[in-house]
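Here are my notes on the model you sent over.

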Amino acid sequence: METFDVVIVGAGFNGLYLLHSLRNAGFSVRLVEAQSGLGGVWEANRYPGARVDSHVPNYEYSLEACWRDWVWSERFPGRDELVRYFAHVDRVLDLGRDIDLDTRIEACRFGDDGRWRITTDTGRGYEAPILLMCTGFGAKPYTPDLPGLADFAGTCHHTAMWPEAGVDLAGRRVGIIGTGASGVQVVQEAAPRAEHLVVFQRTAVTALPMQQRQLDAAAQTAAKVDYPELFKRRNVPPGNFCDITRLDAGAFDVNDAEREAVFEAAWRKGGFNFWIGTFSDILLDEAANRAAYDFWRDKVRARLDDPAIADLLAPWEPPYPFGTKRPSLEQGYYECFNRPNVELVDLRARPLERIVANGVRTRDATFELDVLVLATGFDANTGGLTAIDIRGRDDGSLAEAWSSGVDTHLGMAVAGFPNMLMLYGPQSATAFCNGPTCAEFQGDWVTRLLEDMRDHGHGLVETTAEMGRAWTAHLAEMADTTLFGRTDSWYMGANIPGKPRQLLNYPNSDAYREKLWSCEAAGYEGFMFR
Ligand code: N01
């Protein structure tokens, strides 16, 4: 076994930042990654149209070495550009020498000697006192148990397991199951290419206009004088974007005309502005939420030619409180349904009965397909962690510990699993925080914690079951006091049959960061050291 101070699992934003930061702090570190390249979900999600939903310059590291010579071509960069960004980060921070790619971790076992032993599918093994899990929120794609799926004779892929060589959609009969962010993006690519496209929708997505645009390199370079200040803003309330702020007022603290004007301005800015950049109570108060939904609905319906299709894509009554499923960003998604070659199937009225060799059979029809795309999402937050056989004290399994629900302290530590910390993990701010922002403040926090342990000669850090229960109760209260608890979303674990229903992401990144900082200021409250 190769020995290090720290083993990091996963080469996305979190793992790479930690590698850089811990190496600078003098620790010996090895980062292990199952895929052949860096970038985590960006390496894996190579389906047509894959693109980030956070605009430049939010979705990148604040390290000057990384942004100084990097120029983006679009306001919302596509997947290939993001992969190139990770290669750039690798180069400027010289990360690769401490990374093992193509190495899937199969098991991590904590021994009585206070060290983790890590085994992989290549036969390579690692040993370290500290294990940092940076598997991200979307490491485990979810394929529903669709009857007959194995019988399909055409080409079938999950969006997160798309073949590197791509799939030719031109002139073919394409079916897409799922209308979350991945589904929306594939629909936009498939509609103009396919001979016929069938979109199987179970729940309407409340997609927001991306307002994509090309970026001018000279203007971007000039804007960099402000980057240090902008990046500081990501850590100042409200929110974690450097340039999205919301009003310190509720939707009904203003008159109708003022409310419309605020909604309209956010709509025009695009991206997440309409989700998190209007009034303070949109995700808390039913009436405020309904006002946002109605504005969204009317905007979308105006773009659709057929009122029957509009009833399915933008129903008069909200299918769930607006914004409690993560809004996808779209570029012409709704107009795709005005095309003669695109058909929308409402799976609630026409349930899917079986996948057959030549297509998809619903209660009333068979849709003949050459290509079937499964845009059915992820076993989010926990799936990437429980897929690894992680064993803590007394050989206790993490998957078993979480079988009836997740308990963590601050979304970072689990009782019974000493010296293991999770970044961007379940019950932390995760998907309610811009990825790189969270990677940096959690990564800095972990680095300071490990330095503190080293300074005090501690070899062991762990939390208690009591702290885990308290954090879970705190999140349950947040689910109740916001509108999130009402929706069957992956935020709630509710997209996976049988998964315990609980709020898995802390829905306020400012409050979450404060919790981390106050824990640290109180001598790492809730953690025990030896
Ligand atoms: O997955 P999802 P996703 N029969 O879980 C449907 C990030 N992301 O990959 O809503 C029929 O959102 C399911 O239907 P329903 C982003 O954070 C970001 O699209 O459960 N349908 C839903 O429509 C995002 O939120 C970007 O009724 C079934 C869809 O599949 C997250 O990843 C791009 C079904 C799953 O939607 C996940 O997005 C892509 C079944 N049995 C992803 N099971 C960007 O940055 C599931 N569905 C832009």
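1. Ground rules. This is a predicted model, where local features need pLDDT of at least 70, side-chain atom pairs count only at pLDDT 80 or more, and totals for chains, interfaces and linings use all residues. Residues are numbered from 1 along each chain as its sequence is written, and side-chain values use heavy atoms, with hydrogens and water left out.

2. Helix α1. Helices (H or I, at least four residues) and strands (E, at least two) are DSSP runs, numbered from the N terminus. Helix α1 covers residues 13-24 and spans 17 Å from first C-alpha to last, close to the expected 16 Å (1.5 Å times one less than its number of residues). Eleven of its twelve residues are buried, so α1 is largely enclosed by the rest of the structure. Buried here means under 20% relative accessible area, with a 1.4 Å probe and protein chains only. The cover over those residues includes β2 (6-9), β3 (29-32), α4 (79-93) and α15 (435-456). Just after α1, Gly-26 has a positive phi of about 95°.

3. α1 against α4. The two axes come within 12 Å and cross at roughly 5°. Axes are lines fitted to C-alpha atoms, for helices over the stretch in contact, and angles run from 0 to 180 degrees between N-to-C directions. The pair therefore counts as roughly parallel (angles under 35 degrees). Phe-13, Leu-16, His-20 and Arg-23 of α1 make the contact with Tyr-85, Phe-86 and Leu-93 of α4; contact means heavy atoms within 4.5 Å.

4. Cores. A nonpolar core is a set of buried Ala, Val, Leu, Ile, Met, Phe, Trp, Tyr and Cys residues joined through side-chain atoms within 4.5 Å. The largest has 123 residues, and Ile-8, Leu-197, Phe-274, Phe-337 and Trp-445 have the most contacts inside it. Helix α15 gives the largest share, eight residues. A second, separate core of 25 residues includes Val-7, Ile-105, Leu-398 and Val-414. Back to Leu-197: leaving aside residues up to four places away in sequence, its contacts include Val-174, Ile-176, Val-187 and Val-342.

5. The five-stranded sheet. Which order do the strands of this open sheet take? They run β9-β18-β10-β11-β14, with parallel pairing; two strands pair if DSSP finds at least two bridges between them. At the edges stand β9 (155-158) and β14 (342-346), each with a single partner strand, so one side of each has no neighbour in the sheet. Neighbouring strands are turned by 15° against each other on average, direction ignored. Strands β10 (173-177) and β11 (196-201) share five bridges, and Ile-177 stands opposite Phe-200. Helix α5 (181-190) packs on the sheet, touching β10, β11 and β18 (371-374), and its direction makes about 165° with that of β10.

6. Backbone spots to look at. Most residues other than glycine have a negative phi, and most peptide bonds are trans. The bond from Val-56 to Pro-57 is cis, with omega near 5°, and Pro-57 is in the loop between α2 (41-44) and α3 (64-67). Pro-237 and Pro-238 are also joined by a cis bond, with omega about 0°. Tyr-424 has a positive phi of about 55° and counts as buried at 12% relative accessibility. Gln-427 has a positive phi near 70° and is buried at 0%.

How values were computed: Buried < 20%, exposed > 50% of the residue type's maximum accessible area, 1.4 Å probe, protein only. Parallel < 35°, antiparallel > 145°, perpendicular 65-115°, else oblique.
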